[in-house]
Every structure is written in C-alpha cells, then in structure tokens.
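Let us walk through this structure together, starting with the ligand and then turning to its surroundings.

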Amino acid sequence: MPKFQEEKTLIIIKPDAMQRNLLGEIIGRFERKGLKIIGLKMIELGDAILEAHYAHHKDKPFFASLKNFMKSAPVTVIALSGLNAISAVRIIVGPTRGYEADAGSIRGDLSISGQANIVHASDSAESAEAEIARFFKPEELFDYKKIDYEFVYGEEERG
Ligand code: CMP
C-alpha cells in the first residue's frame, strides 16, 4: 500500500475567465500550490457534454442560462493530480458564489457572480473520475515524474 495517496481532479476554466484574460493567473495558482498538470486543452462545449456534466442541475431555473454561458466562448479543461487534490483544489477555488468567497481564493479574488464564477472543480472522487473521463481521452493524460516533488512534499508523503 503506497503511503502517497495521490488524487486526480478536473477543473474547467470558464468562458468568463477566458474573456477576462485570467487563464495564466489561474493556472499559475494551481502550479504554485504544487499540483501536477496531467492534462490540459482548450475546447468549445456543446449541449450534449453540458447536459451530462451539469445533469444534477437540469431542473434548476438557471440551467438554460448556465448552458448559454458555458457555450459563449471556449473553455480550458485541466486534469490535476496531487496529495488530496480534490479538496485542496476546491479550497483554492472557493465556494460557488464569488460574492461569498473568501479573499485569497480564486473566486474570492476574481469573481463577484454566482454564475460567472471563473472555474469549475470536481466535488468528489466519483465526480472527478467521471469528469476526467468525460473531457479527456486516455492518451491525452500524462503520467510523468515531477522533479520538484522532493520539495513540494515531505518524505513520508512521497511514499
Ligand atoms: P459550478 O461549480 O460549475 O457548478 C454549477 C454552476 O452553475 C456553478 O458553478 C455556476 O456557474 C452556475 N450556477 C450556480 N448557481 C447559479 C445561479 N443561481 N444562477 C446562475 N448560475 C448558477
């Protein structure tokens, strides 16, 4: 049993962030945290993938507006890995509504909206696995040794 419990998670850098020239700012925050980028691409989202991704919101009054927003410009999807990455990434991103998010989080610093909230992040191990498979083909994901791990993690955490 390895000591290092790596998790993978998915983020979507949304159209508002792409339009507001925040892509580098956002990727930089995840890189500086020590997370490993294992997949990254820019795509346009259509109805089918949005209806699968946001299936749990399909009966919400904002669903049509959410789909229009997510189709309004390309997005950047990124798969990240790291120690407890799913919860670590959600802490960096902050709660859904930018106007309620703490300063220091991505949404707290960069958003004041409930919809245009910059980033989507997987909320559980089950959704992370499903979302990575939804947005990436296996050959678009990379397994490689990160040379900074000796300093990003403690000896016990590296396994
Ligand atoms: P996300 O974390 O991607 O999950 C669902 C998304 O729906 C959310 O971020 C927002 O972009 C959007 N959303 C949530 N609540 C509302 C709302 N009340 N009105 C419009 N959009 C919303």
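In this predicted model, begin with Arg107: an N or O atom in its side chain is 3.2 Å from an oxygen atom of the ligand. Asn117 also uses its side chain, with an N or O atom 3.0 Å from a ligand oxygen. Gln115 takes part through its backbone, where an N or O atom lies 2.8 Å from an oxygen atom of the ligand. How much of the ligand does the protein bury? On its own the ligand exposes 460 Å², and the protein buries 77% of that.

Now widen the view to the shell around the ligand. Besides Arg107, Gln115 and Asn117, the residues found there are Lys14, Tyr54, His57, Phe62, Leu66, Gly114 and His120. Sorted by class, this shell holds 3 nonpolar, 5 polar and 2 charged residues.

Where does the ligand sit? Its place is in the largest pocket, which holds about 500 Å³ of space.

Two elements to look for in the lining of the largest pocket are β4 (119–121) and α7 (125–135), each of which supplies at least two residues. Taken by class, the lining of this pocket is made up of 4 nonpolar, 8 polar and 6 charged residues.

Note on methods
Residues are numbered from 1 along each chain as its sequence is written. This is a predicted model: local features need pLDDT of at least 70, side-chain atom pairs count only at pLDDT 80 or more; totals for chains, interfaces and linings use all residues. Side-chain values use heavy atoms; hydrogens and water are left out. A residue is near a molecule or strand if one of its heavy atoms lies within 4 Å of it. A polar contact is a pair of N or O atoms within 3.5 Å; within protein, one must be able to donate a hydrogen and the other to accept it, and residues adjacent in sequence count only if both atoms are side-chain atoms. Accessible areas come from the Shrake-Rupley method with a 1.4 Å probe; for residues, only the protein chains shown count as cover. On a 1 Å grid over the protein atoms alone, a cavity is a set of points where a 1.4 Å probe fits but cannot get out, and a pocket is an open set with protein on both sides within 12 Å along at least five of seven lines; lining residues have an atom within 4 Å of a point. A molecule sits in a cavity or pocket if more than half of its atoms lie within 2 Å of its grid points. Ala, Val, Leu, Ile, Met, Phe, Trp, Tyr, Cys and Pro count as nonpolar, Asp, Glu, Lys and Arg as charged, and the others, Gly among them, as polar. Grid points are joined across faces, edges and corners, and a volume is the space filled by probe spheres set on the points. Helices (H or I, at least four residues) and strands (E, at least two) are DSSP runs, numbered from the N terminus.
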